[in-house]
Amino acid sequence: MVLETNITKMLGIKHPIIAAPMGPFYTTELTIAVSEAGGLGVLSHSALLSDYRKGRNPVQIMKENMLQVVEHTDKPFGFNIRTSRREIAAPQLASEIPRFIMENQRLKEQCIYAITSAGSSKTLPASKDYQKLKESGSKIKHFHVAPALWLAEKCVASGVDGMVITGGEGGGHQSYEKVSTLVLLQQVMQKFPDFPVVACGGFATGEGLAAALAMGAGAVAMGSRLIASNESEFSNEYKGVVPPAKAQDTLLVTGSLGPIRLWKNEYSLHHGLVADKEAKIAQEQAMSQGELVEEMKAYEAAYKGDLTGAVLLGQSIGLIHSVENVKKIIDEIVEDAEKRLKNAYGFLK
Ligand SMILES: Cc1cc2nc3c(=O)[nH]c(=O)nc-3n(C[C@H](O)[C@H](O)[C@H](O)COP(=O)(O)O)c2cc1C
């Protein structure tokens, strides 16, 4: 049995499971593993503070990561651009990466998913190079992350091919509205019943996948579950937080791009949370370059194993009981989802 959905058909993947992007970290090995396992691996908008210090920028890093992926898998994969006004490389990524894909036949065949987030859904479609890539015969689809209903409305109006609907329980970047995935997904499906939607935030099990598909999503995207895999590039210390953590072991704080969900430690407990976007903009204007660097240091520290840093994780950590190979994680989730869906189908009389 296979779970064939609008999203698996659109993206040409076996299973309705997508890797959530997790920048500024590297998810290149993870992308290869997820795509090889039949899901869709996604390259993050990567660039650590140490990369910048070595003169490496996100565009150069993305190109290298893409070449590494096609060297190790012939399956489809995607990439993320964070289009926030604070990401100075975003416009350059939106033009140089489509050009890079267009010039490489393997990339053109395999790189079929561009996911933008944390900013405008118009940045990528406004790029002439992205339009040229589409006209050149690429099957690339553009999705944007919508963490609130009004943002989903903006996405649809801007002509995206699909949306990633991310609720408040998810790890990393969040909206100020803090609506759960369960409610947000229903709001979006009521408003756009036939639109291609990936559900995200809080997914780590077959029960979750079955529920998302039953509600009208065509796939789930997972971050925390895939951090806790043997193939992910996160340090063993970071992975070691996931099991045994409980669902209540995270909290929302203010990050450089808005609210972020972090694991509870001294860093997050003393970081604070601004109330709304206006307060955030005021805080950004007051933020010194030094403070920004300190924040980037805290991300990189945790990624490399210092758990006094900023440990981005979602409430789904309470559902994850072991660090496993990606293939085992995906196979078990799909198998469990099939059982749940068959069981639910039996309720129909
Ligand atoms: C370590 C980490 C880094 C993240 N970085 C990004 C990012 O660069 N771009 C983005 O769109 N979302 C980012 N996110 C959010 C994820 O894409 C996704 O929404 C989230 O992990 C879903 O919740 P889950 O962890 O319960 O699966 C990040 C999440 C984590 C845990």
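Where is lysine 178 found? Lysine 178 sits in the loop between strand S7 (172-173) and helix H9 (181-191); helices (H or I, at least four residues) and strands (E, at least two) are DSSP runs, numbered from the N terminus. Its phi is positive, about 55°, although lysine 178 is not a glycine.

## Model and overall dimensions

This is a predicted model, in which local features need pLDDT of at least 70, side-chain atom pairs count only at pLDDT 80 or more, and totals for chains, interfaces and linings use all residues. Residues are numbered from 1 along each chain as its sequence is written.

The protein contains 16 helices and 11 strands. Its C-alpha atoms fill a box of roughly 60 × 45 × 40 Å along the principal axes. Of the contacts with a separation of 6 or more, 67% are between residues 24 or more positions apart; a contact requires C-beta atoms, placed from the backbone, within 7 Å.

## The parallel sheet

Eight strands make an open, parallel sheet in the order S1-S9-S8-S6-S5-S4-S3-S2, where two strands pair if DSSP finds at least two bridges between them. Strands S1 (17-19) and S2 (41-43) stand at the edges with a single partner strand each, so one side of each has no neighbour in the sheet. On average, neighbouring strands are turned by 30° against each other, direction ignored; axes are lines fitted to C-alpha atoms, for helices over the stretch in contact, and angles run from 0 to 180 degrees between N-to-C directions.

S2 is joined to S3 (residues 77-82) by three bridges, and leucine 43 has phenylalanine 79 as its bridge partner in S3. Six bridges link S3 and S4 in the parallel sense, with asparagine 80 partnered by isoleucine 115 in S4. S4 in turn pairs with S5 (residues 141-146) over four parallel bridges. From S4 the chain crosses through helix H7 (residues 128-135) to S5, a right-handed β-α-β crossover; right-handed means that, with the strands pointing away from the viewer, the path from the first strand over the helix to the second runs clockwise.

## Helices on the sheet and burial

Helix H4 (residues 58-72) lies across S2, S3 and S4 (111-117), at about 155° to S2. Helix H5 (residues 90-102) touches S3 and S4, and its direction makes about 160° with that of S3.

Seven of the seven residues of S4 are buried, so S4 is largely enclosed by the rest of the structure. A residue is buried if 20 or more other C-beta atoms lie within 10 Å of its own, exposed if 12 or fewer, and partly exposed in between. By this criterion 48% of the 349 residues are buried.

## Backbone features

Two peptide bonds are of note. The bond from glycine 23 to proline 24 is cis, with omega near 5°, and proline 24 lies in the loop between S1 and helix H2 (28-36). Proline 243 and proline 244 are also joined by a cis bond, with omega about 20°.

Alanine 118, in the loop between S4 and H7, has a positive phi near 60°. Alanine 118 is buried, with 25 other C-beta atoms within 10 Å, whereas lysine 178 is partly exposed, with 14.

Definitions and conventions. Contact = placed C-beta atoms within 7 Å.
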